[in-house]
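Dear colleague,

Please find below the structure I am handing over to you. My notes on what was found in it follow directly after.

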Amino acid sequence: MKYILSILVSLVLFACGSSNSEVKVNPTRSLNEVLACENLAGLEKKYGKDSLIADTTWVIGDDSLRGTILYPNSSRQVYVYYRDGQIVDVTIVGNTSEWKTDSGLLLGMPLQSVQAINQKNFTLSGFNWKHAGSVVSWEGGKLMGDNTLGHLASFSNASNQHEGISDAEYQQISGETEFDVRHELIQKLNPSLDLISLVRPFIPNKEEGKSMGKRISDSQVPAGK
């Protein structure tokens with residue numbers, strides 16, 4: 001049986017960010033172990049069929065996504081995405097979670113602590129728009145990963161809260177542009193992680209590469225050229 005969940009993450013994050021009574025949890029579970037399950041059968045074997053909704057759809061922002069939700073509606077909730085039946089992305093969202101990455105990332109971690117883990121400065125998208133606070137590049141730091149594992153992350157922008165800086169200052173680091181995290185106002189804001197994904201980078205095989213090249217060529221190169 002297929003389930004459909006409509007989860008507007010922006011509202012979830014707002015609720016988490018605005019509640020001082022939310023119970024903080026101690027992250028002790030490894031998110032990497034979820035990714036290592038490889039597929040749905042691996043998830044069911046490790047965590048049990050009753051712990052997940054195997055085939056479901058949810059909404060994050062303007063995107064409709066499909067996959068598995070592990071431990072739904074709990075502090076252990078994980079979104080699991082597949083490609084050709086194989087797990088390629090595991091994501092946690094919100095203000096707190098029982099999961100953390102083996103690299104040390106956890107929800108609610110402030111930007112300056114993430115800088116220390118990455119051991120290098122990195123680049124963020126501006127705030128106050130659809131993809132606000134997302135890491136654009138780890139700039140070669142430890143979180144950049146390799147061809148087997150990568151980290152995606154976003155920093156809190158729930159309802160555009162920006163405690164510690166003025167509205168005018170917030171506008172200076174907002175919009176569809178990129179910022180070095182050393183920017184004075186971003187350091188002053190010091191936002192926290194509210195989305196973490198572990199991903200297996202997509203490396204197309206020879207035939208997929210040819211197909212992608214043909215689609216690009218057909219759409220961009222005039223006929224006869």
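The buried residues of helix H4 are covered by, among others, strand E8 (123–125), strand E10 (150–155), helix H6 (184–189) and strand E12 (193–199). Here helices (H or I, at least four residues) and strands (E, at least two) are DSSP runs, numbered from the N terminus. Buried means under 20% relative accessible area and exposed over 50%, with partly exposed in between (1.4 Å probe, protein chains only).

This is a predicted model, in which local features need pLDDT of at least 70 and side-chain atom pairs count only at pLDDT 80 or more, while totals for chains, interfaces and linings use all residues. Residues are numbered from 1 along each chain as its sequence is written, and side-chain values use heavy atoms, with hydrogens and water left out.

In H4 (residues 111–118), the buried positions are Leu111, Val114, Gln115 and Asn118. Viewed down the axis of H4, these residues fall within an arc of 105° (taken from the directions from the helix axis to the C-beta atoms), so they line one face of the helix. Just after H4, glutamine 119 has a positive phi of about 60°.

**Strands**

Of the six residues of E10, five are buried. E10 pairs with E12 in the antiparallel sense over six bridges; two strands count as paired if DSSP finds at least two bridges between them. Within this pairing, serine 154 lies opposite leucine 195 in E12.

E8 belongs to an open sheet of three strands, ordered E9-E8-E11, with antiparallel pairing. Strand E9 (135–137) and strand E11 (178–180) are at the edges and have a single partner strand each, so one side of each lacks a neighbour in the sheet. E8 and E11 are joined over three bridges, and threonine 123 stands opposite aspartate 180 in E11.

**Helix H3**

Gly42, Leu43 and Tyr47 are the buried residues in helix H3 (residues 40–47). They cover an arc of only 100° around the axis, which puts them on the same side of H3. Exposed Ala41 and Lys45 are carried on the face of H3 turned away from its buried side. After H3 comes glycine 48, with a positive phi near 95°.

**Confidence**

The average pLDDT of the chain (the predictor's confidence in each residue, from 0 to 100) is 82, and 76% of the residues score at least 70. Over residues 212–217, pLDDT is below 50. It also stays under 50 over residues 1–21.

With kind regards

Methods. Contact means heavy atoms within 4.5 Å.
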